[in-house]
Amino acid sequence: MSVRHLISMAGLDSGDVRRIVERAAWYGSGHHRCDRPLSGRTVGVYFRRTSTRTRTAFSRAAQLLGADIIAYGPADLQENTGESVADTTRVLSGMLDALVARTAGSDAEMRAFAAQDRMAVINAMSAGEHPTQALADLATIHRRFGSVDGLRLTYIGEGNNTAAALVLALAHYGSIELHLRTPPGYGLDPEVLAVARRGIEARGGFLAVEHDMTTPMKPCDIVYTTRWQTTGTTKPDPDWRSVFAPFRVTAEVMAAHPQGIFMHDLPAHRGEEVDAEVLDGSDSIAFEQAEGKLAGALAVLEWCLLGPDR
């Protein structure tokens, strides 16, 4: 069987998204397998940028599935001396079965890692998208609500790589009600927004975008935010914090969603994008999300290396 790459949510069909999410939800519910199906395989874990949850999740998932692991830090590969991505990939694909890569670089660079059919490439975060975060989050949502279809979600904050993956993932589900509240000048990429809108509307849902926090919010099932300073990025506006300040998730914001839960992909900066009483409150499942990254990694590695039937 040829390897499967996971570069972008836009590269998956609805059947694959649902299979990965449901499998991750199965793992997250406490199930496990003992047959170590990746025994004899080797997974490379390459992180140019800092990572707590994603790196640990994929390393542990590879171990649980029986694979050997080779870990690379930001200074370990000859890319640092000028070797091209193409040459690096040509070498690694002859020795590894999969490469989990967090580059925080361009999506084109991530696709260059995947321009071969010997080694599965998993995007553990590029500048444009964080697909494994979205899949793990949807699995957490699936466990909590029993389904993703028909849910109402409000996303508050920058239209960053986490937001991009999340809206593209939700576009594979039916009757989604998605509200995006992003600071002016910091919204989602228009192409990502267009793809997500087409998918959501085609499945009977709708997507609304606003760039202020003054209009009343419709009650939702989920309020989601991310930190304001995404790994590997900078803001062009030196006064960006004043632009972002109204978009902090406070107890007052959560009061508009009396039946809603709070989600955050972590790490969090209490007092910036979210108040401590929200993040650490009874409606927050942010740390449940974090633990769910392991279940997501298990499902992604299976899908990439074993196929949908595993």
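## Salt bridges overall

Searching the whole structure turns up 16 salt bridges, where a salt bridge means a side-chain nitrogen of Lys or Arg within 4 Å of a carboxyl oxygen of Asp or Glu. Bear in mind that this is a predicted model, so to speak of a local feature takes pLDDT of at least 70 and a side-chain atom pair counts only at pLDDT 80 or more, while totals for chains, interfaces and linings use all residues. Residues are numbered from 1 along each chain as its sequence is written, and side-chain values use heavy atoms, with hydrogens and water left out.

Let's start with E302 and R23, whose side chains form a salt bridge at 2.8 Å, N to O. This one links distant parts of the chain: E302 sits in helix α11 (residues 286-306) and R23 in helix α1 (residues 14-28), 279 residues apart. Helices here are DSSP runs of H or I with at least four residues, strands are runs of E with at least two, and both are numbered from the N terminus. Both E302 and R23 are buried, and buried means under 20% relative accessible area, with exposed over 50% and partly exposed in between (1.4 Å probe, protein chains only).

D35 and R33 make another salt bridge, with their closest N and O atoms 2.7 Å apart. D35 counts as partly exposed because its relative accessibility is 47%, whereas R33, at 17%, counts as buried. Put together, R23, R33, D35 and E302 are linked in a network of salt bridges.

## A bridge between two strands

R181 and E210 also pair up in a salt bridge, and here the closest N and O atoms are 3.4 Å apart. R181 is in strand β6 (residues 177-181) and E210 is in strand β7 (residues 206-210), so the pair ties together parts 29 residues apart in sequence. R181 is buried, with a relative accessible area of 4%; E210 is partly exposed, at 25%.

## The parallel sheet

Now for an open sheet of 4 strands, which run in the order β2-β1-β3-β4 with parallel pairing. Two strands count as paired if DSSP finds at least two bridges between them. At the edges stand β2 (68-72) and β4 (120-125); each has a single partner strand, so one side of each has no neighbour in the sheet. From one strand to the next, the twist averages 15 degrees, taken between axes that are lines fitted to C-alpha atoms, with angles running from 0 to 180 degrees between N-to-C directions.

Strand β3 (residues 98-102) and β4 run parallel and are joined by 5 bridges. R102 has M125 as its bridge partner in β4.
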